[in-house]
Amino acid sequence: MDLATRRRRTALFLFFLMPGLSISSWVTRTPDIRDQLGASTAQMGLVLFGLSVGSMLGILSSGALVARFGTRPVMGVGTVLIIISMAVIGSGAMLSSTPAVTAGLFLFGAGMGGGEVAVNIDGAEVERITGRTVLPTLHGFFSLGTVVGAVVGILCTAVEFPVQWHLGAVAFIAAGMFLYAFRSIPASVGRTRGPRSADDGTAPARAAVWKDGRLLLIGGIILAMALAEGAANDWLPLLMVDGHGVDPALGSAVYAGFAAAMTLGRFGGGFFIDRFGRAPVVRASALSAALGLTLVIFADSPVLAGAAVLFWGLGASLGFPVALSAAGDSGPDPAARVSLVAMIGYIAFLVGPPGLGFLGDHYGLRSAMIVVLAFVAVAVFLAPAIGTRAKRPEAHTAQVPASDPALDGSQTARRD
């Protein structure tokens, strides 16, 4: 691997680390922010709706923006929005302003959703260049960021460090990472067309991906597993505090355990995918998440529920990156395919937080998680749609342009 590619890969690690650090910093302080806002569980669901709407708008526009401008500017703008969002959320908490916190979450969702496809396409390009698996490790750095952010959040919660200064410091650190990483990302990756025109030939190709039945099944898997991951990111500390009676610091510690399990699953998942294939790994992941959710929902022991969160985290760890790899590997126009399944997955972020909030307000958060459990159970049966890991094509096949990467670490730059 040459120096430029190595620096680019390191930059992509940081582009995944930053949103993980940011989101866990927010999540671990949700009990304190809720108290400062004086919000009920249902009202917190509405606050989280800002995150959902921003995420959906970002993901809906990301594919077209990457095709028009390339990955670099889309990643850059998305990360800047994430950095700004931390400062806005902290200011809203300080002022006890629900609209400001909601606006901050909207910015965070737009930045993360907008940059999601771009970073994955750039990561797939590095896979193509190096012939090494990169995507699971990239998502592992997101989870590593959540672990670091959660640990810091636990400490800040325990010593009652002001939320606004905590999130402001996160924004400052992320800004430094961004300035270091952005210069190593090359331009033009992922750009497939200039200004749109009626005869550019892109519309029929993009319409066709909606008709791919296997791709829609992959989207169903990513919907279920994204809901399992997102439910923990949005509600796990409050679920442990309100549902199992633990104190806020311990609730944040349980979330840190979830994030650590996610990190372990993503860094180690590549070995199991290479050994057993994608479908068995996704099925086992869904079963693990279902087991963890079942114990968290129905076990009355806080200790058992806290331990079960580790199964939940391990199970949710690989669904998103493996489904993205399978989607990009399922046919022509990988960017459009990744954009489609990512959009389906973000439906979980759109309807999940407020939906679970309203259910939790009426039936309790533990009962509300039964909905998540049902979706994960469906993913067990959809797992065969993920397919097997792509095989390395023969050397005589044609070269694929750099702007059309496939999202599977074993696939090279050649395909029929």
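Which residues is Ser25 in contact with, leaving aside its neighbours within four places in sequence? They are Gly149, His166, Leu167 and Val170; contact means heavy atoms within 4.5 Å. This is a predicted model: local features need pLDDT of at least 70, side-chain atom pairs count only at pLDDT 80 or more, and totals for chains, interfaces and linings use all residues. Residues are numbered from 1 along each chain as its sequence is written, and side-chain values use heavy atoms, without hydrogens and water.

**Ser25**
- Ser25 sits in helix α1 (residues 3-28); helices are DSSP runs of H or I with at least four residues, numbered from the N terminus.
- Ser25 counts as buried because its relative accessibility is 1% (buried is under 20%, exposed over 50%, partly exposed in between, with a 1.4 Å probe and protein chains only).

**Nonpolar core**
- The largest nonpolar core has 118 residues; such a core joins buried Ala, Val, Leu, Ile, Met, Phe, Trp, Tyr and Cys through side-chain atoms within 4.5 Å.
- Helix α9 (residues 213-244) supplies the largest share of this core, 17 residues.
- Among the residues with the most contacts inside the core are Trp26, Leu236 and Met369.
- Not counting residues up to four places away in sequence, Met369 touches Ala231, Trp235, Leu239, Ile297, Trp312 and Leu356.

**Surface patch**
- Leu144, Val148, Val152 and Phe267 make a nonpolar surface patch of about 280 Å².
- Areas come from the Shrake-Rupley method with a 1.4 Å probe; for residues, only the protein chains shown count as cover.
- Helix α6 (residues 135-158) gives the most to the patch, with three residues.
- Val148 lies in helix α6 and, at 41% relative accessibility, counts as partly exposed.

Methods. Patches are made of residues with over 30% relative accessible area and no salt bridge: like charges are joined within 9 Å, nonpolar side chains (Val, Leu, Ile, Met, Phe, Trp, Tyr) within 5 Å. A salt bridge is a side-chain nitrogen of Lys or Arg within 4 Å of a carboxyl oxygen of Asp or Glu. Helices (H or I, at least four residues) and strands (E, at least two) are DSSP runs, numbered from the N terminus.
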